[in-house]
Structure formats: structure tokens, C-alpha cells
Amino acid sequence: MCELSGMVKRLGFTHFWIAIAAGSSAAGSLIAFSDHGSVQSADWSFLWAISACTGWVYTFQRWMKSTRKPEQMPASRLEFMQKQGGRLGVFWTLLSIWATLQWLFAAGIPFAPQLATQWPLFLLAAVMSIGYAFNPIGSGRGWRERPHLKLPAIALSWTLATVIFPASHLGITWWEPENAHIWGIAISQVLFVAGITVPFDVRDVNLDPSEFRTWPQRWGASSSIRIALFLLAISASGFVVFDLNWGRAAVAIAALPIVAWTVRPRKEAVYSLLLDGLLILQGSAVFWFSSMH
């Protein structure tokens, strides 16, 4: 038990696990959207940037929460952030800067064309990621503290990072009609991320203020989990119809019993390792399915 608790802190509380999840999920899109043998080293630099920036966003959000709203954090995570939050912030900031510069200049990719074609996505990702944790306008409350915004902000941010960014990075004009399947995959990813996020709200139902109006607060844990299962089922169907690789559909199906099990709060390892690990599994499953062809 102590060993598992230590793993949660080393991988979950430091945000290494969620950073790996972002990189793996984005890798799944890179593999599915391109010839597996043609994925170049620049693509892996892109994954480094996605992973590092995800680690930074989660660290920034948790640090803000530990300083502004400590009563809304589980005691174990709060204690860890109060002790290690500053060092983690410096680490993820430096790693994000290094990884982003590596991506922009790696493998002969010129800085200007990359920035010229993708700057709207950069801006949107920055606004959504920072706004989720801290909104400097008005009360300063982040979107996660505003009714009805937490779940969409998380699901859309993850889809942007793990589906739209990879497509754009590979030069796919995802907004063109002939690439409509990208939209189907993106919607399926939105539903998948929303489905595996609901259990976190079930866990935090007694910590989140009532004005958050999360699904468990409004409808109870059982109804919320049933809705999450429905979202995952639709997500799996969407991946089957639109995805070029059925790996993500298989993961969405595998997520169903795990999410159903979280109708009651479970140990932190279920959330920090198992549920977040489903995003890591997305990349692994896509790779496995692609290797079969």
C-alpha cells in the first residue's frame, strides 16, 4: 500500500503521468494520421512540447488552487503541493520552454512558417489552458470554478492538444470538407475525455463548492456516471466510424467498466494513475492496431 502511495506521488502528484498521457495520446493521432514509417524525429519533438506544456498547465493550476483555495484540495495533494509546488513549477516551466524551442527549430522546421500557420491554435491553447486555472478578468476565478465550464474546458483543451494539433502539425487541413473525419475524431475525443473526467467530480463532490454545479452536485453520482458511460459509448462508436485506426475505440470500450466502478469515491491511485492512464493507453493501442496492418 505504501509503495502504491509513493507511486501516486512520484507520477501523479508531480504531473509526470498526465504529461506522458498527453504525449502518448497525441502520438496516437500522429500514427493514425500518417504512414507509421514516415513519422520523423520532428514529430517526436512535437510530442515533447505537448507533454511538457501539459505538465506545466497542471502544475500551475494545482499551485494556484493550493494557494487560493486550499480547502478544495484533497489533503494529501495539498500537502505535496505546499512542499514541492515551487520546485515543480520551475521544473515544468524550464522544460516547457526547452521542449517548445526544440520543436520549433528541430529537424529543419523553420520558426516563421510554423508560427504563421499554427499561431491561432497556439493562442487558443494558451487561453484555454491558463483560463482553466486563473482568469485575470473580473473575480479572477478560473473556468473550473464557473458553472458549466469546467468539463467543456478540459475536454476541448485535450482534444485540441491530442487531435487538432497533431493533424495541423502533419500539414492536414482539418478544416477542409475532404478531411471531415478529423472533426468526427475530435468530437469522439471530446466525449471520451469528458467521460473519464466525470469520476473526478464524483470524487470531489464534497470538496467542490455548491456553486460549481458539477454533474454529481446537480444529479448525484449514479446519474452522472450513467451519463459518463453514455458519452464513452458514443465516443467508441464515433472512433469506429471516423477514426483511421480502431485503437482509440478499443480504449473507450475498456474505459466503461473502470468509469462504472467509480460511482463511489475510490483511492487516489484510481484517478491519478488508472483513469489518466487511459490516455496513455490511447497511444499504445493505436500503435498496436497500426502494426497489425
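Q: What makes two rings an aromatic pair?
A: Rings of Phe, Tyr and Trp, the last represented by its six-membered ring, pair if their centres lie within 6.5 Å. In this predicted model, a search of the whole structure finds nine aromatic pairs.

Q: Why is the pair of W48 and W98 called edge-to-face?
A: The centres of W48 and W98 are 6.0 Å apart, and pairing requires a distance within 6.5 Å. The planes form an angle of 85°, and an angle over 60 degrees counts as edge-to-face.

Q: Why is W98 called partly exposed?
A: The relative accessible area of W98 is 44%. Buried means under 20% and exposed means over 50%, with partly exposed in between; W98 is therefore partly exposed.

Q: How do you know which class, edge-to-face or stacked, applies to W288 and F289?
A: The rings of W288 and F289 lie 5.3 Å apart, centre to centre, with 85° between the planes. Stacked would need planes under 30 degrees apart, whereas edge-to-face needs over 60, so W288 and F289 are edge-to-face.

Q: Are W288 and F289 exposed or partly exposed, and why?
A: W288 has a relative accessible area of 51%, and exposed means over 50%, so W288 is exposed. F289 has 21% relative accessibility; buried would require under 20%, so F289 counts as partly exposed.

Q: What makes R203 a charge over the ring of Y271?
A: R203 lies over the face of Y271, at 5.0 Å from the ring centre.

Q: How do you know that the span of helix α10 agrees with expectation?
A: Helix α10 (residues 247-261) has 15 residues and, at 1.5 Å a residue, should span 21 Å. Its end C-alpha atoms are 22 Å apart, which agrees. Helix α10 also bends by about 30° at A255, with a proline, P257, following within four residues.

Q: Which elements do the buried residues of α10 pack against?
A: The buried residues of α10, among them A255 and I258, pack against α2, α6, α7, α9 and α11.

Technical notes:
Residues numbered from 1 in each chain as written. Predicted model: local features only at pLDDT ≥ 70, side-chain atom pairs only at ≥ 80, totals over all residues. Heavy atoms only, no water. Helix = DSSP H or I, 4+ residues; strand = E, 2+ residues; numbered from the N terminus. Expected span 1.5 Å × (residues − 1). Bend = angle between axes of the 7 residues up to and from the residue. Buried < 20%, exposed > 50% of the residue type's maximum accessible area, 1.4 Å probe, protein only. Contact = heavy atoms within 4.5 Å. Lys NZ or Arg CZ within 6 Å of the ring centre and 35° of its normal.
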